[in-house]
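User: I would like to learn how to read the features of a structure that is new to me. Please take me through one step by step.

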Amino acid sequence: MESVRKKSPFTRTLNHLIELCPVGYKLPFIEAIIVYGLDGVEIELQGRTYELFLQAKGES
């Protein structure tokens, strides 16, 4: 798959959202951010993790 972007910015706000993510969901959350940032694909998340993802998505 060809990526949409070559890079995606990492900001303090994004770092803050990662810190707010429940511990057991951090890895899927971070993977979702990376995949969305590079390929524009949304990985399915639920609950608080999805809410944080929407905030991160709005920032990019």
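This is a predicted model: local features need pLDDT of at least 70, side-chain atom pairs count only at pLDDT 80 or more; totals for chains, interfaces and linings use all residues.

User: How many helices and strands does the chain have?

Analyst: Helices (H or I, at least four residues) and strands (E, at least two) are DSSP runs, numbered from the N terminus. Here the chain has three helices and zero strands, in the order α-α-α from the N terminus on.

User: What share of the residues count as buried?

Analyst: Buried means under 20% relative accessible area, exposed over 50%, and partly exposed in between, with a 1.4 Å probe and protein chains only. Of the 60 residues of the chain, 22% count as buried.

User: Which residues make up the largest nonpolar core?

Analyst: A nonpolar core is a set of buried Ala, Val, Leu, Ile, Met, Phe, Trp, Tyr and Cys residues joined through side-chain atoms within 4.5 Å. The largest one has 11 residues: L14, L17, I18, C21, F29, A32, I33, L45, L52, F53 and A56. Helices α1 (12–20), α2 (26–39) and α3 each supply at least two residues of this core.

User: Is F53 buried or exposed, and which residues does F53 touch?

Analyst: F53 is buried, at 2% relative accessible area. Contact means heavy atoms within 4.5 Å. Leaving aside residues up to four places away in sequence, F53 touches F29, A32, I33, Y36, E42 and L45.

User: How is a pair of aromatic rings described?

Analyst: The distance of the centres and the angle of the planes describe such a pair. Rings of Phe, Tyr and Trp (its six-membered ring) pair if their centres lie within 6.5 Å; planes under 30 degrees apart count as stacked, over 60 as edge-to-face and the rest as tilted. A search of the whole structure finds one aromatic pair. Y36 and F53 form an edge-to-face pair, with 5.7 Å centre to centre and 85° between the planes. Because Y36 lies in helix α2 and F53 in helix α3, the pair ties together parts that are 17 residues apart in sequence.

User: Where does T49 lie, and is T49 buried or exposed?

Analyst: T49 lies in helix α3 (residues 47–59) and counts as buried because its relative accessibility is 3%. Not counting residues up to four places away in sequence, T49 touches C21, P22, Y25 and F29.

Methods: Residues are numbered from 1 along each chain as its sequence is written. Side-chain values use heavy atoms; hydrogens and water are left out.
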